[in-house]
Amino acid sequence: MGKPLNIIVCGSLVPDPLQTLEPVMTPQGPGLKNEQMLPSVLDPWAACALYEAAALAKTRAGSKVTLVALGPKAKLQQLMMMAAQKAPFQLVAVNAPAGGFTDAKETAAELAKAIKAIPGLDLSSTLLFGGCASASRDAGVTLQFVAEALGITEFFNAVDELKVADDDTFTVKERIEGGQYLASTCAGFPAVIGWATGNLPEPPNNPQVGMMNMRGIMPALMKAPVANVGVGGIAYASAEVPASKRDTVVKKDMSVDAIAQEIVAWIKA
């Protein structure tokens, strides 16, 4: 068996997608209507990364998983009540705004700062996990910014499979166009993995794991440093829900070519 792994997962909260999300302009910039009242969930792609991290940590004795989460402290506490029951991890929290309009570079800088402050951090045995994108702001660059700030050059995005050998070499499968995978083999750590959906189902709630996690989560939330994350240099002229348009036409006995021609004509119009 190889040496213990240090797996760091970057993941935070997003508004529950089952709620009505209406963008509005506020004095502080763009945001969501009644944003403070909206329930939050762990970002789905980050959740996949956390489940994969927990499964990988079980394969090597002594391995640990650390979740680095940036968001409003009160909402993070509510979120951890649910996430803590899914998998064992230690929490590093950063008390800062989080949402669909925050600047990815500023967010990444605070995440990298929090990771560097982890006691006993050894990048030679570290895998940095995260989601390939975010359900709140699909910038798709935050994880890569974190990798650059930490000096990690091996970056793989939209990964569905990771296999680590006993000699610390590992193979990843990244999604590419045409429903295919790009398989890559790396000689060792560190590396950054941006997960797609992976292969694992959502683990069931385990109250015992939750109780164990909460012993460390509550002190971590209490000492979470405050960070000023905003929209950066981005200027938003407006924020609104895209207008929807639906034209329904019912016709019978049309050939495939005629249907295609009507669709093309509708698109051009």
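## Helix 3 and helix 4

Axes here are lines fitted to C-alpha atoms, for helices over the stretch in contact, and angles between N-to-C directions run from 0 to 180 degrees. The structure is a predicted model. In this model, helix 3 (residues 104–116) packs against helix 4 (residues 142–150) at an angle of about 45 degrees, and their axes lie 8 Å apart. That angle makes helix 3 oblique to helix 4. The crossing of the two helices is right-handed.

On the helix 3 side, the contact is made by Ala 104, Lys 105, Thr 107, Ala 108, Leu 111, Ala 112, Ile 115 and Lys 116. Helix 4 contributes Thr 142, Phe 145, Val 146, Ala 149 and Leu 150. By class, the residues of this contact are nine nonpolar, two polar and two charged.

## Helix 2 and helix 5

Helix 2 (residues 73–83) packs with helix 5 at an angle of about 175 degrees, with the axes 10 Å apart. Angles over 145 degrees count as roughly antiparallel, and helix 2 and helix 5 are therefore roughly antiparallel to each other.

In this pair, Lys 73, Leu 76, Gln 77, Met 80 and Met 81 of helix 2 meet Met 214, Ile 217, Met 218, Leu 221 and Met 222 of helix 5. The contact of helix 2 with helix 5 comprises eight nonpolar residues, one polar and one charged.

## Largest pocket

The volume of the largest pocket is about 530 Å³. Its lining has 24 residues, of which Pro 30, Gly 31, Glu 35, Pro 97 and Ala 98 are the closest to the pocket centre. Strand 2 (13–15), strand 3 (23–26) and strand 4 (29–32) are the elements that give two or more residues to this lining. Strand 4 gives the most, with four residues.

Sorted by class, the lining of the largest pocket holds twelve nonpolar, ten polar and two charged residues.

## Second largest pocket

The second largest pocket contains about 440 Å³ of space. Of its 20 lining residues, Leu 91, Val 92, Ala 93, Ala 117 and Lys 223 are the closest to the centre. The elements that supply two or more lining residues are strand 6 (64–71), strand 7 (90–95), helix 3 and helix 5 (207–222). Strand 7 provides the largest share of the lining, five residues.

The class division for the lining of the second largest pocket is 13 nonpolar, three polar and four charged.

## Cavity

The structure holds one cavity of 30 Å³ or more. The largest cavity has a volume of about 500 Å³. Among the 32 residues that line the largest cavity, those closest to its centre are Asp 43, Thr 107, Leu 111, Ser 134 and Thr 142. Three of these also belong to the helix 3 and helix 4 contact: Thr 107 and Leu 111 on helix 3, and Thr 142 on helix 4.

At least two residues of the cavity lining come from each of strand 2, strand 6, helix 3, strand 8 (126–131), helix 4 and strand 9 (155–164). The lining of the largest cavity divides into 17 nonpolar, twelve polar and three charged residues.

Terms used
Residues numbered from 1 in each chain as written. Predicted model: local features only at pLDDT ≥ 70, side-chain atom pairs only at ≥ 80, totals over all residues. Heavy atoms only, no water. Parallel < 35°, antiparallel > 145°, perpendicular 65-115°, else oblique. Left-handed = near helix turned anticlockwise from the far one by under 90°. Contact = heavy atoms within 4.5 Å. Nonpolar A, V, L, I, M, F, W, Y, C, P; charged D, E, K, R; others polar. 1 Å grid on protein atoms, 1.4 Å probe; cavity = no way out; pocket = protein on both sides within 12 Å on 5 of 7 lines; lining within 4 Å. Points joined across faces, edges and corners; volume = space filled by probe spheres on them.
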